[in-house]
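Me: I have a model open on my screen and would like to know what the labels rest on. Could you take me through it, starting with one pair of residues?

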Amino acid sequence: MTFYFYIACRFQHSLLGERTNLFKMVTGMVRTLIAGNWKMNGLKSSLEEAKKTTQMLNDFPDKADCLICPPSTLIVPMKEVASERLHVGAQSCHPEASGAFTGDLSAEILADAGASYVIVGHSERRSEHGERSAYVQEQAHACLRAGVTPIICVGESFAQRERGETKDTVVRILRKSVPTLADSETLVVAYEPRWAIGTGLVPSSDEIAEVHGVIRELLIELYQDRGRGIRILYGGSMKPGNAAEILAIDNVNGGLIGGASLKADDFMAIYAAAVA
Ligand code: PEP
């Protein structure tokens, strides 16, 4: 039986180029995504880390997706050194497909460069660039139009957490940021408490479970059964030392990792926790 199932998966892989769909359809399992956000870090020399990541991935079973979102200048050369197991993504996009938008990059341009995911609504974009949820929703729609998967980030501030407003804040922001239609292949959500990003602070496992639980409920409300397979990543000071505990929490389907994604050794230690 296992053998025939394996053959069916391989057959589907060669037919559709999709490694996991049949497996997920049969088991209902969600494939973990370990995503690195390099932010404004990365020169051509940093491609060595991507090369090393590609090589190191061969040492692990292919049980989780791996993604690096470098500065956009590195998307093309990173695609050239990455194997098919290392996906390459971008960190933001303009909602329009093309036009007079100096300095911006559309989802189409990023897809053309080789990006398969785009992070949208990161708290640094929301605070530094005034990108509000309605704009994030437009970006998400742009990603779908261009055939790339948006990773929509949401999270509460420290003050909102102190006031006990975490769940309400996350649900309110997410409701306004998500696209009209979505499923497990076309949307990823990242819960990133703003106070946990780059600070070394992390919510307790119970707190993460509670927030991921309400996000899951919202996704099911919005997309019915399709909402069950949409990946919900945790982001905010995830490191090799806390990854196993965080990734084991209910409804945590991966991580969005900033600082610890810059070095292949740290990033792969997190990947190792995901496939253990
Ligand atoms: C991020 O910027 O998305 C992030 C999670 O950063 P860090 O892992 O450094 O906290």
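Reply: Happy to. Cys66 stands opposite Leu86 in strand 3. Before going on, residues are numbered from 1 along each chain as its sequence is written. This is a predicted model, in which local features need pLDDT of at least 70, side-chain atom pairs count only at pLDDT 80 or more, and totals for chains, interfaces and linings use all residues.

Me: How do you know that strand 2 and strand 3 pair, and in which sense?

Reply: Two strands pair if DSSP finds at least two bridges between them. Three bridges join strand 2 to strand 3 (residues 86-90), and the two run parallel. Strands themselves are DSSP runs of E with at least two residues, while helices are runs of H or I with at least four, both numbered from the N terminus.

Me: What about strand 1 and strand 2: how many bridges join them, and in which sense?

Reply: Six bridges, again in the parallel sense. Ile34 has Cys66 as its bridge partner in strand 2, and Thr32 has Ala64.

Me: What makes the crossover from strand 1 to strand 2 right-handed?

Reply: The word applies if, with the strands pointing away from the viewer, the path from the first strand over the helix to the second runs clockwise. Here the chain goes from strand 1 through helix 3 (residues 47-57) to strand 2, and this β-α-β crossover is right-handed. Strand 2, helix 4 (residues 75-81) and strand 3 make a right-handed β-α-β unit too.

Me: Which order do the strands of the barrel follow?

Reply: The closed barrel has eight strands in the order 1-2-3-4-5-6-7-8, with parallel pairing. From one strand to the next, the twist averages 25 degrees. Such angles run from 0 to 180 degrees between N-to-C directions, with axes as lines fitted to C-alpha atoms, for helices over the stretch in contact.

Me: Why is strand 2 called largely enclosed?

Reply: A residue is buried if 20 or more other C-beta atoms lie within 10 Å of its own, exposed if 12 or fewer, and partly exposed in between, with C-beta atoms placed from the backbone. Six of the six residues of strand 2 (residues 64-69) are buried, so the rest of the structure largely encloses this strand. Ala64, Cys66 and Ile68 point one way, Asp65, Leu67 and Cys69 the other, and all are buried.

Me: How do you know that the buried residues of helix 3 line one face?

Reply: The buried residues are Glu49, Ala50, Thr53 and Leu57. Seen down the axis, they fall within an arc of 100 degrees, so they line one face of helix 3. That arc is taken from the directions from the helix axis to the C-beta atoms. They pack against strand 2, helix 4, strand 3 and helix 12.

Me: Which residues have the most contacts inside the largest nonpolar core?

Reply: Val118, Ile151, Ile152, Val189 and Ile270, in a core of 69 residues. A nonpolar core is a set of buried Ala, Val, Leu, Ile, Met, Phe, Trp, Tyr and Cys residues joined through C-beta atoms within 7 Å. Helix 12 gives the largest share, seven residues.

Me: What is Ile151 in contact with, beyond its neighbours within four places in sequence?

Reply: Contact needs C-beta atoms, placed from the backbone, within 7 Å. By that rule Ile151 is in contact with Ala35, Tyr117, Ile119, Val120, Val188, Ala190 and Leu256.

Technical notes:
Two residues are in contact if their C-beta atoms, placed from the backbone, lie within 7 Å.
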